[in-house]
Amino acid sequence: MWYSFWKPRDRFSLDQLRYLTDQLTKVQIVNDINKDFVIEALRSIAELITYGDQHDPSFFEFFMEEQVTGEFVRILKLSRTVSVPLQLLQTVSIMVQNLRSEHAIYYMFSNEHINYLITYSFDFRNEELLSYYISFLRAISGKLNKSTVSLLVKTHGDEVVSFPLYVEAIRFAFHEENMVRTAVRAVTLNVYHVGDDSVNRYITTPPHRDYFSNLVSFFTKQSMDLNRLVSNTMITAGPDSTSTITAAVDEIEDNLYYFSDVVSAGIPDVGRLVTDSILMVLIFPLLLPSLRVAADNDMQSGVVTSLYLLCCILRIVKIKDLANTIAAALFYPLEAITKSCGGKFNGHISDHGLTSESQVSDNSNLTESDAIHSMANVPYPFSSSGFHLQSVLTQNDCSRSNLSLRELLLSYITNGDDIQVLGSLSMLATLLQTKELDESVLDGLGILPQRKQHKKLLLETHWSCGTYQWIQVVPLAEKRRDV
């Protein structure tokens, strides 16, 4: 009898969950004295709820009846130490990640407690706390679908007017820590792949649409950093130069794959925003003009970096308008490219390759709408939303005294150094392998494969013969009808 009286509670039992919850409700302040108990209680509750979700539904029923999530929020408000918020974020993250029951997820998201935790003013000067917070956001985004996303947004009519998960996540999109940036991108991709029309409209309207142009501006800064590394390495190669450049290249390609993933989510407005931003912030004001070799730039690092970046963009970011616009730009002289960017870009093009950081910072202040408007007012089809391939081919004039970008690449192959030859050949080979390019562009560039050239000639011959036969057959048929 005495043994049964003193018998400890089963660790994985409803009685243990009831006991821990009861003890939490008695806490009136969280300080250094009782923080260890509170932390252990929060950790154990997460463990019990996860166990109950897989073995005993009564665990979560008790969790709902006692409104334990609300108790978590109350404990957070009472906390005077950073360790308790850390554990609380981890507790909720573990629960959300491991709950398999849709009913349980709906309950967790159906009240304002999750949004309260998302918008709570944590002290993010603590790096560990920020890491737990971002993991918390990522865990929530992993459970998003068309049903659950409606529980985390506020709407007015049919329009979303508030989405704390997305807004708070993109605040850290350009954090200095790569792990934080990676987690934020996972959150955004989970949001984009939900496929909710009202959410898609929300993220593509001001001010949230600025996120996409800011992404390209951030990528542009990374491109300049890479160019600086290449330039310094060409002058004085250090012992860690190769590893440093490799790390920078890996990050640049990761960013481009993120662009590709964003576009592949299938949100038309997002695809247009990304395409226009890449063209207006990076391609036209920076990369294409940087193909020019300045007389006092013997190392030509801008040419090398620009060719590499153009190849990466074509190879990774699979956007038809983007690829065709880049290829079409090769038909024009550098001066035409500069003018087509509008007067506001002219001050940001350097004869020494890529521009300086301050120049790109100024360039990023140009609003996307202004940039697109300036492109719309020039006679060059460089806007992704107004690409006209045929006009490019008809306007191509090889008799001009100034070199087109296509001719410039060819001159690098015939007269350049080894690096220029390799970069130019890589550019042409990348264009040849880009499936998004129209064959007429490849033909205009002079790199259409012979097999496709023969096919084109056969089709043209067949069409010409067919048209001639049709001209002969129609009058003959009319004569027979008359008879």
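This is a predicted model: local features need pLDDT of at least 70, side-chain atom pairs count only at pLDDT 80 or more; totals for chains, interfaces and linings use all residues.
Leaving aside neighbours within four places in sequence, which residues is T430 in contact with?

T430 sits in helix 24, which covers residues 418-433. Setting aside neighbours within four places in sequence, T430 has contacts with C311, L314 and R315. Its relative accessible area is 13%, under the 20% limit, so T430 counts as buried.

L428 is in helix 24 as well. Its relative accessibility is 15%, and L428 also counts as buried. Beyond four places in sequence, the contacts of L428 are L409, L410, I413 and I447. Take I447 from that list: I447 and L428 are 19 residues apart along the chain, and their C-alpha atoms are 7.6 Å apart.

Now the overall picture. The protein has 483 residues, and 48% of them are buried. Its secondary structure consists of 26 helices and two strands. If you take contacts with a separation of 6 or more, 74% are between residues 24 or more positions apart.

Next, confidence. The average pLDDT of the protein is 80, and 76% of the residues reach at least 70. By element, the highest mean belongs to helix 10, residues 164-170, at 98. The lowest is helix 21, residues 368-376, with a mean of 36. Two stretches need a flag. Residues 295-299 have pLDDT below 50, and that stretch makes five contacts in the model beyond near neighbours in sequence. Residues 355-401 are also below 50, and there the model has 86 contacts beyond near neighbours in sequence.

On to the core. The largest nonpolar core holds 132 residues, and the members touching the most other members are F63, F72, M108, F163, Y192 and L431. Which helix gives the most to this core? That is helix 15, residues 268-287, which supplies eleven residues.

Apart from neighbours within four places in sequence, Y192 is in contact with Y166, N200, I203, Y211, F212, Y258, V262, A265 and I267.

That list brings in Y166, and with it the aromatic pairs. The count of aromatic pairs is 22. F163 and Y166 form a stacked pair, because their ring centres are 6.4 Å apart and their planes are at 20°. Both F163 and Y166 are buried. Separately, ring pairs join Y116, Y120, F122, F124, Y133, F136 and F172 into a cluster.

Now the strands. Strand 1, residues 154-156, pairs with strand 2, residues 159-162, in the antiparallel sense, over three bridges. T155 is opposite V160 in strand 2. How many residues lie between the strands of this hairpin? There are two, and G157 has a positive phi near 70° in the hairpin.

A few backbone details in the loops. Q67 lies between helix 4, residues 57-65, and helix 5, residues 68-78. Phi of Q67 is near 50°, a positive value in a residue other than glycine. Is Q67 buried or exposed? With a relative accessible area of 53%, above the 50% limit, Q67 is exposed.

Where is the cis peptide bond that involves P207? The bond joins P206 and P207, with omega about 0°. P207 is in the loop that runs between helix 12, residues 197-203, and helix 13, residues 210-235.

R11 is in the loop between helix 1, residues 2-6, and helix 2, residues 14-25. Its relative accessible area is 47%, so R11 is partly exposed. Leaving aside neighbours within four places in sequence, R11 is in contact with Q16, R43, E47 and L48. Between R11 and E47 there are 36 residues of sequence separation and 9.9 Å in space, C-alpha to C-alpha.

To return to the opening question: T430 is in contact with C311, L314 and R315, leaving aside neighbours within four places in sequence. That is the end of my part.

Note on methods:
Residues are numbered from 1 along each chain as its sequence is written. Side-chain values use heavy atoms; hydrogens and water are left out. A nonpolar core is a set of buried Ala, Val, Leu, Ile, Met, Phe, Trp, Tyr and Cys residues joined through side-chain atoms within 4.5 Å. Buried means under 20% relative accessible area, exposed over 50%, partly exposed in between (1.4 Å probe, protein chains only). Helices (H or I, at least four residues) and strands (E, at least two) are DSSP runs, numbered from the N terminus. Contact means heavy atoms within 4.5 Å. Rings of Phe, Tyr and Trp (its six-membered ring) pair if their centres lie within 6.5 Å; planes under 30 degrees apart count as stacked, over 60 as edge-to-face and the rest as tilted. pLDDT is the predictor's confidence in each residue, from 0 to 100. Two strands pair if DSSP finds at least two bridges between them.
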